Amino acid sequence: MQAYGVNELRKMFLDFFESKEHLKMKSFSLVPHNDKSLLLINSGMAPLKPYFTGQEIPPKRRVTTCQKCIRTGDIENVGKTARHGTFFEMLGNFSFGDYFKREAIHWSWEFLTEVVGLDPNRLYPSVYVDDDEAFEIWEKEIGIPAERITRLGKEDNFWEHGSGPCGPCSEIYYDRGEKYGCGSPDCKVGCDCDRFMEIWNDVFTQFDNDGHNNYTELEQKNIDTGMGLERLACIVQDVDSMFDIDRLKALRDHICEMAGVEYQKDDKSDVSIRVITDHIRSVTFMISDGILPSNSGRGYVLRRLLRRACRHGRLLGIEGNFMVPLATTVIEGSKDGYPELEEKKDFIFKVIAKEEEQFNKTIDQGLSILSGIMADMEAKGETVLSGEEAFRLYDTYGFPVDLTMEILEEKGFGMDEEGFQKAAAQQKATSKGTFGEHNYMGAAVTVYESIDPSVTSKFVGYDHLEYESKISVLTTEDEVVEALSDGERGTIFVDETPFYATSGGQEADCGVITCGDGEFVVEDVKKLLGGKIGHIGYMRNGMMKVGDTVTLSVNREKRALSARNHSATHLLQKALRTVLGTHVEQAGSSVNEDRLRFDFSHFSAMTPEEIQKVEELVNESISRSLPVIVKNMPIEEARKTGAQALFGEKYGDIVRVVNMGDYSIEFCGGTHVPNTSEIGAFKILSETGVAAGVRRIEALTSKGLMTYYSDLEKKMHEAAKLLKATPENLGEKIVHLQMENKELHSEVESLKSKLAKDAMGDVMSQVEEVKGVNVLAISVDGVDMNGLRDLGDQLKEKIGEGVVVIASNTDGKVSLMATVTDGAQKKGAHAGNLIKGIAALVGGGGGGRPNMAQAGGKNPAGIPDALAKVKEVVAEQIK
């Protein structure tokens, strides 16, 4: 048997099934499409669910893929053994109502024995305990002796996921030999040791589970198979684990070279080597699919993997940032199968470098604090870290809780997870799980699932804003119906439509659908599974029924204004890449008739100069009257033109390319102006941060911009009128008013001081001597704290060396102020301590410096007692 490499095996598998008339499809993104049940794609079947459920018609009834996958259920175990990993590639061949068990089993056997060259005598199939059909195919057609075919129960050999399609499995195990075994004489298929390794799983989807374990035969039976590419490579290359196969060994060796260590020389080092080897693969592939580090969802998974790898690099003694060179090795080893890695490598490197740098700033402080906490725990004989302390590490120092738990576990400690959750619950939740009722697809259950999957819609709105077509389906909000009547809300589906459905960041068209006396107001348009386009709204009058020929009329002004804003986003992206750098990638957008919003990857706030330069470039492109040329072309040809593609977008073999003169070229399915001059003008309103490494620009063009300036002008005229000025001299008038206000404020303060002084009358008769220090404690109503301080300064001058305390009641709120002269301070008097000693009597608190202090309170009735206590407190202070 030849020791084929990972890239060779991938190609061999896909070529084999292509020869069996399967459509070879590229790997789908790791980001699930229309599937809320998954955070990340975790199997070869996951992105193909719509084809299995019948919600979409597959491009061919036979399909083969090599799907990149990530599973995160046991991240904490990755590295501890050579069995666990988060990233893997899943080889699969699929049938949607075409072939079934016989072909699936025969082709599995043919590929493994004739193409790859595995020894047939070392292959052991298993079947579901009641699946006699599969057993007979293995025994009578393939020729496997009955004693080498294992029947396993529902837990092992029956695939189901709640309600919906399900069925028995047939797995193929390979006997790797006694050197991988446990030594037990009973070692056989199903043993937990590494001798019998499962490499292929054929799932025969032939039943439907109603959710109560009642099974009925499916009319369309499907085949869903999966074979881990890394597992197959382990067997073909005869190595211990996936960390020893060619592509991963190259990465592992790179890590060892960086750290100056050898693999399998030290158990602790081996754990760290395996962690980094696995996690950098996941990180690299996730970022290539547009996932960015964040504190929730799949972004948090990415951040957790990256930071865990960083920490294990430190444990190996690797100094400084080291992840980008490793990502380079990942890309070099995998770009043959995944060319998007090479295309996005600059962006991948930038995201990794930024996150690694940020983490390095927090990890040292966090590790130091955690080490101190563990030392205290050890001294006290404690074994469990409190949840409150763990949350403090997380909330105050940004130290990840999973890292805290991992480090504690390494040292033999535990953590109060329930206590941590209670502490976290006191903070505003930053991430919420999916809620509501969901179907087999993980999407919210809607009436649209009841529609025949053969129903499709064609968009003709690039060339038409009014079009005649026939109604194919009508629905209310909860059922498919034959007709909609006056006042009813619902959705209309037609064969061909000029209405643009929300997609690519551009909001949907609106307008009307008419038929005779019937008029349906279109409020929204949505793309639905299976190529359907739904027009959502209400019947304004009349009635419409299935089969009616209707006229669909798009709101022309809304479409034109939306097109101007959409075209402006293309010019904006090009300008941003020119000014900020080619790392800028679109991270989202929202375009309608009023404004445009554009999210993009960038790692710092734009400067005013950068914003101005971007504005100038966009307006220059508008004024140049660039022609906007739209072409449909094969995707590979389009890529060669340098056209910008959107992260995570699912493109077909033929793509629409929008070219604006010699300036901007992008993949885009949206609507655009024929010439950039129609945009009119462009103005950025704001530039803000919306997530780690993501910035947002909000801008206006055309009518929206004119409305904005009109509103500004109106407000300026209103302000000028209020100030008895003109727009031309408004600034001068404001400066004059500010100076006048300052003078009046000074006069008011003087009058307030005089009134307060008059209100006190002659208070010098109330001065008392306490241990040779003059003390004056008085009250005056309606004076704020500023007034009290002014009075205090005046009285201090009158009494000579001493202490002045003034209380004031203003609308039920108490203000206390104390001031002490230098001579009194030398004898021990202290204004701050004095205020602390009396503030409680007016229901408040306060303090201050030795020479001046203040306090507030809520109990005016306590003022006499507070003033009476002044002499007592001063007496205690005087030495």
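**Close-up 1. Contact between helix 3 and helix 4 in the predicted model.** From helix 3, the residues K101, R102, I105, H106 and W109 meet E133, A134, I137, W138, E141 and I142 of helix 4. By residue class, this contact of helix 3 with helix 4 comprises six nonpolar, one polar and four charged residues. Helix 3 spans residues 101-115 and helix 4 spans residues 132-142; the two pack at an angle of about 50°, and their axes lie 10 Å apart. Angles of 65 to 115 degrees count as roughly perpendicular and those under 35 degrees as roughly parallel, and helix 3 and helix 4 are therefore oblique to each other. The crossing of these two helices is right-handed.

**Close-up 2. Helix 9 and the residue G317 that follows.** Helix 9 comprises 19 residues, 297-315. From its first C-alpha to its last, helix 9 reaches 28 Å, close to the 27 Å expected at 1.5 Å a residue. After helix 9 comes G317, which has a positive phi, near 90°.

**Close-up 3. Pairing of strand 28 with strand 29.** Strand 29 covers residues 694-701 and pairs with strand 28 in the antiparallel sense, over eight bridges. Within this part of the model, K683 stands opposite L700 of strand 29.

How values were computed
Residues numbered from 1 in each chain as written. Predicted model: local features only at pLDDT ≥ 70, side-chain atom pairs only at ≥ 80, totals over all residues. Heavy atoms only, no water. Helix = DSSP H or I, 4+ residues; strand = E, 2+ residues; numbered from the N terminus. Expected span 1.5 Å × (residues − 1). Pairing = 2+ DSSP bridges. Axes fitted to C-alpha atoms, helices over the stretch in contact; angles between N-to-C directions. Parallel < 35°, antiparallel > 145°, perpendicular 65-115°, else oblique. Left-handed = near helix turned anticlockwise from the far one by under 90°. Contact = heavy atoms within 4.5 Å. Nonpolar A, V, L, I, M, F, W, Y, C, P; charged D, E, K, R; others polar.
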